[in-house]
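This briefing accompanies the sequence and structure shown below. Please read the points with the model in view.

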Amino acid sequence: MPKVSVIVPIFNAEPYIDRCASSILSQTLDDLEILFIDDCTPDNSIEILQNTIAKFPERADAVRIIKMPSNGGLAAVRHRGIIEASGDFIIHCDSDDWVDPNLYELMYNEAIRSEADVVVCPIRDEYQNSGHTRPSRSLPASCNDVVCNWWRDSVGMFCWNKMVRRHIYTTHDIKPFFGINMWEDNGLMLRVFYHAGRLSQIDGAVYHYNRANVNAMTSGYGRKAVDQMIKCASLLADFFDSKPDAARYRKTALTLKFLAKLNLVATRYDWLREFHHLFPESNVAAGWICLDAFSIKGKLRFLFVKYHLAWLFVTLFKLKAALKL
């Protein structure tokens, strides 16, 4: 059984896949399973990937390229990867990102040393001509404490900087929510953290998050993406509500609903009307959400909403859009 399974979704990754795959294939960890999931990519990503794999003959038996029957998006690809994985641990890596050569060895060794179910690594944001490693934050030793206090601490629930014991997925049947490709990592990791036990983290190696890819899903939110975030928040709230200790997660569930619907405050007044009518019980979250949960633009939006000036934010947003045209 491999020590770690790495799941890599492949779709329109032609400019990036060689760097991504090379960084995984050259890992210092000796027993990896590497699953490249081809989401019916229309470009030459797979041909480039095969050429890259050929440069690492020592990894030949560890690599599988799995083709999806049709293009299903991130949720379906991650779902397939989790099903196919056989390692003691699972970690994801997006195809436009890359990792330090010793990252997975450090994370695995820390998991064994501390008997952790989840190990977190630092993130380095990579721009066109610069990069910035996000400051490490102190995390509790319990995954469940992260979920319980997520409304206050807003720990990033990215699946690609967290190595998870595979049995957490299999024992509790945790798979991505079907059809939700935006916030899919929130939907996945918050449930993982609910069921997982000990949490640990490392320093000394980072996950390189590509912020220069303008085609990345997170580079802009359309209405379809916002609807998926709202659906994800609703499903997570239902998940927590179904648990016998649901009261512990009430603030987290309300915060998720509020953050999801906040994306309706954009350039349209009809969306703003939807914002006011959707999840009205979640409006109390505006009183406790920390500004650190937001980007610069997100901070402005939140403050306008918190002080009942959402209409002014929409007006200014519409004006900015008009000036761009």
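At 68% relative accessibility, His 308 counts as exposed, where exposed means over 50% relative accessible area, buried under 20%, and partly exposed in between (1.4 Å probe, protein chains only). This is a predicted model, in which local features need pLDDT of at least 70 and side-chain atom pairs count only at pLDDT 80 or more, while totals for chains, interfaces and linings use all residues. Residues are numbered from 1 along each chain as its sequence is written, and side-chain values use heavy atoms, with hydrogens and water left out. Helices (H or I, at least four residues) and strands (E, at least two) are DSSP runs, numbered from the N terminus.

**Positive phi angles**

- Most residues other than glycine have a negative phi.
- His 308, a residue other than glycine, has a positive phi near 60°; His 308 lies in the loop between H12 and helix H13 (310-324).
- Asn 12 is not a glycine either, yet has a positive phi of about 50°.
- Asn 12 belongs to the loop between S1 and H1 and, at 41% relative accessibility, counts as partly exposed.

**Thr 41 and its surroundings**

- Thr 41 sits in the loop between S2 and H2 and is buried, with a relative accessible area of 12%.
- The side chain of Thr 41 reaches the backbone nitrogen of Asn 12 at 2.8 Å. A polar contact is a pair of N or O atoms within 3.5 Å; within protein, one must be able to donate a hydrogen and the other to accept it, and residues adjacent in sequence count only if both atoms are side-chain atoms.
- Neighbours within four places in sequence aside, Thr 41 is in contact with Ile 10, Phe 11, Asn 12 and Ile 46, contact meaning heavy atoms within 4.5 Å.

**The seven-stranded sheet**

- Seven strands form an open sheet with mixed pairing, in the order S3-S2-S1-S4-S9-S6-S10; two strands pair if DSSP finds at least two bridges between them.
- Strand S3 (63-67) and strand S10 (199-201) are the edge strands, each pairing on one side only.
- Neighbouring strands of this sheet are turned by 20° against each other on average, direction ignored.
- Helix H2 (residues 45-54) packs on the sheet, where H2 touches strand S1 (4-10), strand S2 (32-38) and S3, and its direction makes about 170° with that of S3. Axes are lines fitted to C-alpha atoms, for helices over the stretch in contact, and angles run from 0 to 180 degrees between N-to-C directions.
- Helix H4 (residues 103-114) also packs on the sheet, touching S1, S2, strand S4 (89-92), S6, strand S9 (162-165) and S10; the direction of H4 makes about 145° with that of S4.
- Strand S6 (residues 118-120) and S10 run parallel and are joined by three bridges, with Leu 199 in S10 as the bridge partner of Val 118.

**Strand S2 and its crossovers**

- All seven residues of S2 are buried: Leu 32, Ile 34, Phe 36 and Asp 38 lie on one side, and Glu 33, Leu 35 and Ile 37 on the other.
- S2 pairs with S1 in the parallel sense over seven bridges, and Ile 37 in S2 is the bridge partner of Pro 9.
- From S1 the chain crosses through helix H1 (residues 17-25) to S2 in a right-handed β-α-β crossover. A crossover is right-handed if, with the strands pointing away from the viewer, the path from the first strand over the helix to the second runs clockwise.
- S2 and S3 run parallel and are joined by five bridges; Ile 66 in S3 is the bridge partner of Ile 37.
- A right-handed β-α-β unit is made by S2, H2 and S3.

- Helix H10 (residues 250-262) has 13 residues and reaches 18 Å from its first C-alpha to its last, close to the 18 Å expected at 1.5 Å a residue; the expected span is 1.5 Å times one less than the number of residues.
- Eleven of the 13 residues of H10 are buried, so this helix is largely enclosed by the rest of the structure.
- The buried residues of H10 pack against helix H5 (143-148), helix H6 (150-153), helix H8 (184-195), helix H9 (223-241), helix H11 (269-277) and helix H12 (296-306).
- Thr 255 is in helix H10 and is buried, with a relative accessible area of 1%.
- Beyond its neighbours within four places in sequence, Thr 255 is in contact with Trp 150, Trp 151, Ala 285, Trp 288 and Ile 289.
- Thr 255 and Ser 282 are 27 residues apart in sequence, and their C-alpha atoms are 6.6 Å apart in space.
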